[in-house]
Amino acid sequence: MAKTPSFHCTACGASYTKWSGRCDACGAWNTIVEDAGLSTGPASKSLGNKRGRGMALTDLAAEEAPPPRTRSGMGELDRVLGGGLVPASAVLVGGDPGIGKSTLLLQAAAAFAGSGLKVIYVSGEEASAQVRMRAQRLGLGKADVQLAAETNLREILTTLEAEKPALAIIDSIQTMWADNVDSAPGSVSQVRAAAHELTTFAKRHGISVVLVGHVTKEGQIAGPRVVEHMVDTVLYFEGERGHQFRILRAVKNRFGPADEIGVFEMTGGGLAEVANPSALFLGDHERPSAGSAVFAGIEGSRPVLCEIQALVAPTPHAQPRRSAVGWDTGRLAMILAVLEARCAIPFAGLDVYLNIAGGLRVREPAADLAVALALLSAREDVALPPQSVVFGEISLSGALRPAGQTENRLKEAAKLGFSTAIAPVSTKRMAKSGMALKSYPDLAGLVGDMFGAG
């Protein structure tokens, strides 16, 4: 059955069932127009002609004070969040099993509660007594945090609406179950529905929500990728099980810089903040060894120095091995190809191993030059100059490209006792750092100067 057309006056908004030349409500002429449907298609699959109440619009130029952030007192966490917790925000935290996500968030809950926020910690994987036992082990037994063990999303939202906390931590989103979705907990539809409901609830009620997400074997947060688009901030908790250091990295942040990192150390009493990570990621640079190069990197807005270790040895296999820990293996293959094609230094018949000391993962292209020098140092069994740091990007032509934030890199290196920097020729000399700068236009010139080859 066809729907009856409707009309309205564009001057006063009065509604009519048929068109007329004059509006009876306001007396205006030729202002009555037919209503167009919001969408076309069957009513069960489209919005149809039924209209909503409209949206509240504000001026972009309106001078409104930004929402105040709440600092937890954990400097590394506040740094990654962009300066503190933003009200009505949704944060997604992912990490490998057993890496310390629940420990981090329990400490964060206690810290925010100590800052005056009302905090509710909802666990879908542990009982309240188990969470309480962990809190006592971490010395947080008297923290003003309310606990709950629940997986039913309807019950959780009802409780949050009644209690009105400032922060709710959901551990984890894969265990939540929405009774209006006909699928098992942890499925794609359940995770999507739960994340949408919690994010919408946070925006509507002004409650900050932190969601814990499991990760796949590839290191990505399990479930649909749309969950990462829904939330405001996505944090990854990284680290190697054999190392005590943990990295909290922001890969998305609507309220602060992305790629910012916070460094923690796993101890018997929980996670401890590391104020100066460069000193921990470096080995004994007082006694340089072959195959080692110190890279002056930037993680977010923080300069971090780390040691890049390389080992080159004859292979007993027909196919040489190329292995990298904390570095992209594809980029390692590219650097080896540039060394062979542009510098005439072959690595055929040699196994190549690369490692970033301390369990740090480096994604910055500026580490290319440090990796190349570490490989050459290991191959030639010649140590790099003592008290020197390296940074710069290598192009496929063998030219060296400069890296950004040179001043911050040099200042951090000088603070830790380094005196020389090896960098591309276009790098500006920073007199304030007090460091000597050895600059080269291309990789072949650097190799010839330092190793007498190329």
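Helix 8 (residues 329–343) packs against helix 11 (residues 443–451) at an angle of about 80°. Their axes lie 10 Å apart. The model is predicted. Angles of 65 to 115 degrees count as roughly perpendicular, so helix 8 and helix 11 are roughly perpendicular to each other.

**Helix 8 and helix 11**

- Helix 8 contributes V338, L339, R342 and C343 to the contact.
- Helix 11 contributes L443, A444 and V447.
- By class, the contact of helix 8 with helix 11 has 6 nonpolar residues and 1 charged residue, with no polar ones.

**C9 in strand 1**

- Strand 1 (residues 7–9) includes C9.
- C9 has a relative accessible area of 1%. Buried means under 20%, so C9 is buried.
- Beyond its neighbours within four places in sequence, C9 is in contact with A14, C23, C26, T31 and I32.
- E34 is 25 residues from C9 along the chain. The C-alpha atoms of C9 and E34 are separated by 8.9 Å.

**S123 in strand 5**

- S123 belongs to strand 5 (residues 119–123).
- S123 also counts as buried, at 2% relative accessibility.
- A polar atom of the S123 side chain lies 3.4 Å from the backbone nitrogen of E125.
- Not counting residues up to four places away in sequence, S123 touches V131, A148, A149, E150 and D171.

Technical notes:
Residues are numbered from 1 along each chain as its sequence is written. This is a predicted model: local features need pLDDT of at least 70, side-chain atom pairs count only at pLDDT 80 or more; totals for chains, interfaces and linings use all residues. Side-chain values use heavy atoms; hydrogens and water are left out. Axes are lines fitted to C-alpha atoms, for helices over the stretch in contact, and angles run from 0 to 180 degrees between N-to-C directions. Helices (H or I, at least four residues) and strands (E, at least two) are DSSP runs, numbered from the N terminus. Angles under 35 degrees count as roughly parallel, over 145 as roughly antiparallel, 65 to 115 as roughly perpendicular and the rest as oblique. Contact means heavy atoms within 4.5 Å. Ala, Val, Leu, Ile, Met, Phe, Trp, Tyr, Cys and Pro count as nonpolar, Asp, Glu, Lys and Arg as charged, and the others, Gly among them, as polar. Buried means under 20% relative accessible area, exposed over 50%, partly exposed in between (1.4 Å probe, protein chains only). A polar contact is a pair of N or O atoms within 3.5 Å; within protein, one must be able to donate a hydrogen and the other to accept it, and residues adjacent in sequence count only if both atoms are side-chain atoms.
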